[in-house]
Amino acid sequence: MIKVLKTDASNPDFRALVKHLDKYLSVTDGSEHSFYDQYNKLDQIKYTVVIYDNNTPVGCGAIKEFDKNRVEIKRMYVLPTHRGKGIASKILLALEDWATTLTYQSCILECGNRQPDAIACYEKNNYKKIPNYGPYSGVENSICYEKKL
């Protein structure tokens, strides 16, 4: 049974999943990992979700205010054993619903172009490519997306 828990960055299951994510990204991002890592600290994240499958944490994601109208989706991850089951889409939907409740008008995100599964997920969920924003402007490995809520 799939369950969605709204929580914050202090949740131990969220933190454990983020450790898996960071390990994965250190390989995927290679020498650029430290650049991206500086924008993914947990101390400023108040809104996180953890997805449980039969009480086992299998995926996570977060939103962080980017400006008064937009939140940035951060720390999206699904354990490899649970990929291909729609869990990432459930995480996105939960985060989008939460952002709407908090009265934001859109979600933005950055994804590395070496993450084709993530890119496919975002595009399947109606995220549209936008010019790279903020610290990702001019970064070749970054692709940025937005979805109006």
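Helix α4 supplies the largest share of the lining of the largest pocket, seven residues. The model is predicted, with local features requiring pLDDT of at least 70, side-chain atom pairs counted only at pLDDT 80 or more, and totals for chains, interfaces and linings using all residues. Residues are numbered from 1 along each chain as its sequence is written, and side-chain values use heavy atoms, leaving out hydrogens and water.

The volume of the largest pocket is about 770 Å³. Two or more lining residues come from each of α1 (12-28), β4 (70-78), α3 (87-101), β5 (106-112) and α4 (116-124); helices (H or I, at least four residues) and strands (E, at least two) are DSSP runs, numbered from the N terminus. In total, 34 residues line the largest pocket, and Met-76, Tyr-77, Gln-115, Ala-118 and Tyr-122 lie nearest its centre. The lining comprises 18 nonpolar, eight polar and eight charged residues, where Ala, Val, Leu, Ile, Met, Phe, Trp, Tyr, Cys and Pro count as nonpolar, Asp, Glu, Lys and Arg as charged, and the others, Gly among them, as polar.

The axes of α3 and α4 lie 10 Å apart, and the two pack at an angle of about 50°. Ala-88, Ser-89 and Leu-92 of α3 and Cys-121, Tyr-122 and Lys-124 of α4 make the contact (heavy atoms within 4.5 Å). By class, this contact of α3 with α4 has four nonpolar, one polar and one charged residues.

Terms used:
On a 1 Å grid over the protein atoms alone, a cavity is a set of points where a 1.4 Å probe fits but cannot get out, and a pocket is an open set with protein on both sides within 12 Å along at least five of seven lines; lining residues have an atom within 4 Å of a point. Grid points are joined across faces, edges and corners, and a volume is the space filled by probe spheres set on the points. Axes are lines fitted to C-alpha atoms, for helices over the stretch in contact, and angles run from 0 to 180 degrees between N-to-C directions.
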